[in-house]
Amino acid sequence: MSFLEDETSDSGVDSRSRLESYVFSCELSSEVPFYTFQADEDEDVEHFLELRTICLGDGAKEENNLVEVTAMNHQGKKTSVPVANLNISCLPMVSLGEFELMAPVTLRLKSGSGPVTVSGLHLVATENEESEISDEDEDDDDDDVSEEEMPSVKPAKKKQKV
């Protein structure tokens, strides 16, 4: 799924950027306790991880499963934050809304044995070329002209009862 951003979003993507989204999912467990989401080193592309849900998987034990996220803060320093403390009997899933982080991001099962599934979106923001934007503007102008040429609609006349 992809679309063009019209306004500046929380991720700092401006109106000349193209934003593509892809499904993201990873499973954390005692065998694989962490996952690192990394981006390609491309100057014209920004990668974001938008976390949506964290849930316990089939076979989870009666224990607390603490999931922690490590990412860069606004000062460029790595910061670790617990985002979910799941338990099969009282809180098997949490919804994070649209928790957006810039790559690289490390997800870690700090305590518990899981399995814990983390899901969301991998967002890729690329800059559009000027020619693409000007072509779209010209298409929009054509639409406006056709709307102006359409005749106005008049209400139908009612028949009088005798």
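**Sheet, pocket and cysteines**

An open sheet of 4 strands runs in the order 3-8-5-6, with antiparallel pairing; strands are DSSP runs (E, at least two residues), numbered from the N terminus, and two of them pair if DSSP finds at least two bridges between them. Its edge strands, each pairing on one side only, are strand 3 (34-37) and strand 6 (78-86). From one strand to the next, the twist averages 20°; axes are lines fitted to C-alpha atoms, and angles run from 0 to 180 degrees between N-to-C directions. The model is predicted, so local features need pLDDT of at least 70 and side-chain atom pairs pLDDT 80 or more, while totals for chains, interfaces and linings use all residues. Residues are numbered from 1 along each chain as its sequence is written, and side-chain values use heavy atoms, without hydrogens and water.

Within the sheet, strand 5 (residues 65-72) pairs with strand 6 in the antiparallel sense over 8 bridges. Ala71 stands opposite Thr79 in strand 6.

The second largest pocket has a volume of about 180 Å³. A pocket is an open set of points on a 1 Å grid over the protein atoms alone, where a 1.4 Å probe fits, with protein on both sides within 12 Å along at least five of seven lines; lining residues have an atom within 4 Å of a point. The volume is the space filled by probe spheres set on the points, which are joined across faces, edges and corners. Among the lining residues are Gln38, Asp40, His47 and Met102. Strand 4 (residues 45-56) gives the largest share of this lining, 3 residues.

The structure holds 0 disulfides, a disulfide being a pair of cysteine sulfur atoms within 2.5 Å. Cys26 counts as buried because its relative accessibility is 8%, whereas Cys55, at 23%, is partly exposed (buried is under 20%, exposed over 50%, partly exposed in between, with a 1.4 Å probe and protein chains only).
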